[in-house]
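The following exercises concern the contact between two chains and the surroundings of selected residues. Please study the sequence and structure before reading the solutions.

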Amino acid sequence: MLQNWLILLPELSLLSFLPVAWLVNLYRESKTAKTFFTLSKYFLGAALVFTIVFYNKSVWSGWWLNSRYSTLFKVAVYAVALVWFYFASKWFLSKNRSSAKFYSICMGMLLSFGILLSAQNLLVPAVLVPLLCLLTWRLIPLYCDDEKIEETSRLYIRFSLAFWVLLWSGVLVLRWQTGSFEYADIRYIFALEGEVNWLTYAAVAAIIGTLLFMMAAAPFHFWFVGALSVAILPVCGFLTLIPPFVYLSCLITLMTGVFSPLAQSLQSLLFSFAVVSLFIGAVSANRQNNVRRLFGFSTTYNLGVMLLGILAFHSNSVVSAFVYTIIYVLAMMGIYAVFLGFKSKGDYVSDLDDISGLSEAKPYIAAAFLVFMISLIGIPPLLGFWGRLSLINTLVSEERWSDVLMLMFALVLMANAFLQIIRKIYFEPLHHGFDRTDKSIYICLFINLVLILISILNPSYLLHDAEIVLSGVSQ
Amino acid sequence: MSSPFALLSLIVALPFLGMLFVLTARDEGAVKGRNAFNVCIFTIIANIILIWRIFMILNEKSRELQLLEKFSWLSTPNINIVLGVDTLSLLLILAVHLAVLIGLSGVRNNLYKQKSLMVFTLLFLSMVTGFFVAADIFSFYLFFEAMLVPLFMIIGMFGEVKKQDLIYRFFLYNFIGALILFSATMLIYHHQGSTTLEAVSRLPLKGGIGFYVWGAVCLSFLSRIPIWPFHYWISSINSGIRNPLAFVITALMPLTAIYGFIRFLPPHFSSGIDNYVVWMNIIGVITMVFIALIGFINKDAQYKIFSYITVYYIMYLLGIFTNDEVIVFNIGYSLFGFIIVISALEVLSGYIIHKEEEAESTSRGFLCRARKLSFVYSFMTLAAVGLPVSAVFVNNFLILSKLLGTNIKMGMLLVFALVIAGMTLLQELFRLKDDDKSCRLGKSDDISLPWFWFMLFMTFILLMSFVKPLWFVISE
């Protein structure tokens, strides 16, 4: 019994943050924005440590399973969240707003993500995905004064409701067809039957579709891009950096561990989502005047790239998609840290015209921005090149020439979008001054830059263990 | 032969480290621009000394890549980075360093974003050095693409190009070129594994793959030479650049393509590349004649130098297509002198234009009053047109003989284009020497004594290279 509680320590740590934060918010008088960051730091740090300690211990084996694979993704998610919480605290401090709600919702989401990553039963995502939708719905309009946010969150919850129905229908149909909710049973029955009827296909498509909606893959990207253009920076960063890991892992688990006998048919579904995301992301990014919105579309484009790379779901494609995701998250974290430096007269600016001449006022921030964008395009010698190389290598080894061509075409479009930003910050004169940037932002940017610059010398050290863990994953 | 002390890595890393130093240099008040400039100069001189040292341990008679350095880079895909040099590549590295040094002499008084200029210059130098020491297909491609970013930034920030859309297109076309090379590299990798640069030209790539790979290689390299249909944006960019250092760096881009062709072309044109070579010869000659004629009638001194550079680069390209190993080495020796000459000419021309704008006067007859400037400018122009004062003379003579011997009609057109390109430069020299009383520029506008001595040192290098191409090498 005690052992079971010990194994649940990571989840308990995240859960116990919520009452503690509530009590602190209620009774502590001298609380600042930093108070809740400090709290979340300890609870999340503890969850991170316990996740590593109990990496292969599980309770309720039919429901959830902690493995090296789930631990890898959990560690990545918690570590990125920890760093982002630090950046978010800077925003709350500068705006002098209470951060209790933000950290509470985020910790709640992290708890759900943690359980979702270890899930072994379809009922787990069926319960957690609606919960995550609700939390995201509460998170999007947080402290946002813009009127558009209401419209975005309304649209989001309506679509969420539709997808809950789809998800639950899919899960129930599968239960009816296979007689079980457990991943292992469903896989076994699919493998045994060989062929399945159209209803089962529809049920599986509904589950995968819901996951793609949560990932914000096109054409379900509208809520994500809409939220990013007006929501506050801490929310934008959290939505950009954390969910890709989680849903990517869920997709891999479902495709390799549950629906693998149907993989051939599902590939065309995923392929169409990948291509739509790739081109909607790259083309729309070229038409944006809002930098955050532009990076929202860049995220859609990157999701398309990841989906295109992972399509075959063998160990190489999984490793390359993971590598790509890690590199993407590293670069995006840098980009969001840069956004924290875009402060003029107390407000965080996001219009392209507002950042013109940034290199004159803030040369180091402009240089960091340039490096992160170049890394996102995948130009050597930055780390992004490794992601591109790893992914295209997978496509070439599968002889998917048309996909390579498509990817390169979209890459050129995406590069053109980034060139607009580079032009603004480097080639155009300064329009107005920027506020002083916190020194800690510079320090974080420097660390991130070092990671991106130095890692390319010997990238293997960065992900050596991850490659070993993921190399065992295949259909 | 392996490299002692990883010298090749060092000459790539040193400019990069210099760049980091420049980034941290103070750039305010009295030292604005000076610290960054001094660090840049110091780094380049230190690298030149290292290059000189490498020349001493290199077997100049060997045609193989030497001083090999191998690093295990990635496990999936399994890629090793291999560095190595031969006399040709090391000579080109030295030439690029000297060219950048000359370019720097032209911006020594610049105060506008000098620190950024030095940062991107050193980054470019590091990448271009890496490109010339690359000994396997991946490192070759890596540096081929990596040099694009500093180049784009230099052109965008300091090129003073009026039409900004041109800069985008310039970057995007080069980026597409690099992506095409990337696809060819991946194809080669999947057929042969991680391949050394020397082995690429001997790969048995036949049928569709051979056709695609060689097509991609040719297209990607051609995207860096102002040859039809890639001439428009490169010529628009180059002729518009007013910053001498930016011009020198941009003028080095076709060199990377020329070097790429030298490394990739197979010894016998039989494996899918022969179709491309015929077309490239035809397009090359036509482009040469047209650009030479446009340069001749154009009044802009900058465009005249650009047309001269283009004509000569295409001649070198056609020389490579003769597929003669001796000619390739002659091209290397000739390029060494050629790069120094064009850099010096550009910097001096930039100085004259600057003075012209400052005094709001014509520069016609300026050289009659500025003796020091007159001497170096005349020397460089005469070296450029082919007088026996540099390595360009004798080596170009051999290249032309070979081209005339291969195809007399093509050779005649080529000689015509070269004569016109030479006349273009002489026309400009004549204008500057034609005494005009309305010229308000006088003796006081002459170049400074230290700069004169620096340029004299460059003329000395050119003269010595005429006597013996590798005169500076002291064999151990």
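**Exercise 1.** Identify the side chains that meet in a salt bridge, and describe the side of chain A that touches chain B.

*Solution.* Step 1: In a salt bridge (a side-chain nitrogen of Lys or Arg within 4 Å of a carboxyl oxygen of Asp or Glu), the side chain of Arg388(A) meets that of Glu145(B), at 2.9 Å from N to O. The count of salt bridges between chain A and chain B is one. The model is predicted: local features need pLDDT of at least 70, side-chain atom pairs count only at pLDDT 80 or more, and totals for chains, interfaces and linings use all residues. Residues are numbered from 1 along each chain as its sequence is written, chains are lettered from A and ligands numbered from 1 in the order in which they are written, and side-chain values use heavy atoms, leaving out hydrogens and water.

**Exercise 2.** State whether Thr185(B) is buried or exposed, and which residues Thr185(B) touches.

*Solution.* Step 1: Thr185(B) is found in helix 7 of chain B. Step 2: Because its relative accessible area is 3%, Thr185(B) is buried (under 20%; exposed is over 50%, partly exposed in between, with a 1.4 Å probe and protein chains only). Step 3: Not counting residues up to four places away in sequence, Thr185(B) touches Ile137(B), Phe138(B) and Tyr141(B) (heavy atoms within 4.5 Å).

Conventions. Helices (H or I, at least four residues) and strands (E, at least two) are DSSP runs, numbered from the N terminus.
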